[in-house]
Amino acid sequence: MARKNPFENVMSEGPAETTRNVLDYAMRGASKSILSSIGEMADRADRLLEGETVVDLDPELIEVSFIRDRLEDDNAEFDELLNAIRDRGQDSPILVRPHPKTSGRYMVVFGHRRLRVAKALGRKIRAVVKEVSDVDHVVAQGQENSARSNLSFLEKAMFANEIARRHFDNDYAVVMSALSLDKATLSKMLSVASLPPAIINAMGAAKGIGRDRWYELKTLLEKPAKLDAAVEFVQSQAFSQLATGERFNVLVGNIKAAGRPEKQRSLHTSKWSSDDKQVVADAKSDGRTFTLALKAKDAIGFGEFLSESLADLYSAYRNRKVDHGE
């Protein structure tokens with residue numbers, strides 16, 4: 001028997017059903033991967049729009065989704081999309097819902113970048129208008145973005161956390177359906193999303209940094225002292241000047257270096273005094289540095305004499321090494 005379509009509420013022509021279909025679907029399938037492939041997710045998103053009436057809307061009447069799914073915009077991808085729509089027109093409509101609080105306005109379910117392009121070009125936006133519940137909204141938004149958008153692990157984690165924070169009935173099931181996650185991955189996502197906002201915001205989207213590396217960072221910061229030091233570090237001017245693609249690696253390297261104890265070097269000490277006891281010298285060496293401290297009555301005068309004689313003393317030292325074949 002085929003699995004129930006999680007978008008059935010959105011696609012139905014009749015009154016919206018309860019959220020039970022979405023939640024039951026998520027609980028049955030999420031642990032084995034909700035959808036069999038990214039292609040299937042894209043197909044499901046496409047079918048949301050099949051057979052629906054496409055209208056032209058003023059983009060100024062449309063507000064963004066009530067849940068954010070991107071931490072930063074990729075300017076290169078946006079420019080590419082803008083050029084394509086300017087040259088060929090808008091190939092596929094976006095999905096909007098009547099605004100749940102403001103009459104005469106709409107809210108994007110998916111298609112935020114196409115909406116931005118329409119505003120930039122001063123054009124109307126081709127859209128399908130559907131009555132959509134909040135749960136169906138986040139499921140559709142999450143699955144369409146997973147199918148088409150290059151969202152990073154951190155962006156997905158923050159999206160998942162935002163859904164869970166809103167306390168939908170059985171919100172874990174909603175998140176698993178929206179992002180096609182199993183419970184173990186969702187648990188790690190929510191753990192990463194609990195990092196202090198200062199660290200999250202400093203990282204940007206962190207493209208290319210996957211689940212395991214984020215979880216490593218979360219584990220490294222379990223000690224309060226390390227967490228406080230990391231927050232201070234990411235707020236420094238030097239860190240803010242790094243390219244966003246470098247920041248994660250630099251932060252992890254800084255944390256690991258701070259936790260690495262300095263290598264202890266063996267310390268050798270010796271003492272010398274003149275026959276008349278007018279000068280006492282304490283010598284210390286750790287293998288890399290040599291320190292000579294002079295004390296007693298003639299310490300200053302003898303020290304000045306040593307300083308003035310350093311060139312001759314070093315020359316004598318070099319000659320002795322040659323004589324001994326060193």
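Colleague: At what angle do α7 and α9 pack, and how far apart are their axes?

Modeller: Two packed helices are described by the angle between their axes and the distance between the axes. In this predicted model, α7 and α9 pack at about 90 degrees with axes 8 Å apart. Axes are lines fitted to C-alpha atoms, for helices over the stretch in contact, and angles run from 0 to 180 degrees between N-to-C directions. Helices are DSSP runs (H or I, at least four residues), as are strands (E, at least two), numbered from the N terminus.

Colleague: Which word describes how α7 and α9 lie to each other?

Modeller: Angles under 35 degrees count as roughly parallel, over 145 as roughly antiparallel, 65 to 115 as roughly perpendicular and the rest as oblique. α7 and α9 are therefore roughly perpendicular to each other.

Colleague: Which residues of α7 and α9 meet?

Modeller: Contact means heavy atoms within 4.5 Å. From α7, F153, L154, K156, A157, M158, A160, N161 and A164 meet L186, M189, L190, V192 and A193 of α9. The residues of this contact divide into 11 nonpolar, one polar and one charged. Here Ala, Val, Leu, Ile, Met, Phe, Trp, Tyr, Cys and Pro count as nonpolar, Asp, Glu, Lys and Arg as charged, and the others, Gly among them, as polar.

Colleague: At what angle do the axes of α12 and α14 cross?

Modeller: The axes of α12 (residues 224–234) and α14 (residues 244–258) cross at roughly 140 degrees and come within 11 Å. α12 and α14 are therefore oblique to each other. K226, A230, F233 and V234 in α12 meet V250, L251, N254 and I255 in α14.

Colleague: Which residues touch the most other members of the largest nonpolar core?

Modeller: A nonpolar core is a set of buried Ala, Val, Leu, Ile, Met, Phe, Trp, Tyr and Cys residues joined through side-chain atoms within 4.5 Å. Buried means under 20% relative accessible area, exposed over 50%, partly exposed in between (1.4 Å probe, protein chains only). The largest core has 41 residues, of which I163, I199, M203, W214, L217 and L251 touch the most other members. α7 gives the most to this core, with seven residues.

Colleague: What limits apply to these values?

Modeller: Local features need pLDDT of at least 70, and side-chain atom pairs count only at pLDDT 80 or more, while totals for chains, interfaces and linings use all residues. Residues are numbered from 1 along each chain as its sequence is written, and side-chain values use heavy atoms, leaving out hydrogens and water.

Colleague: How many helices and strands are in the protein chain?

Modeller: The protein chain has 16 helices and eight strands. Of its 326 residues, 39% are buried.
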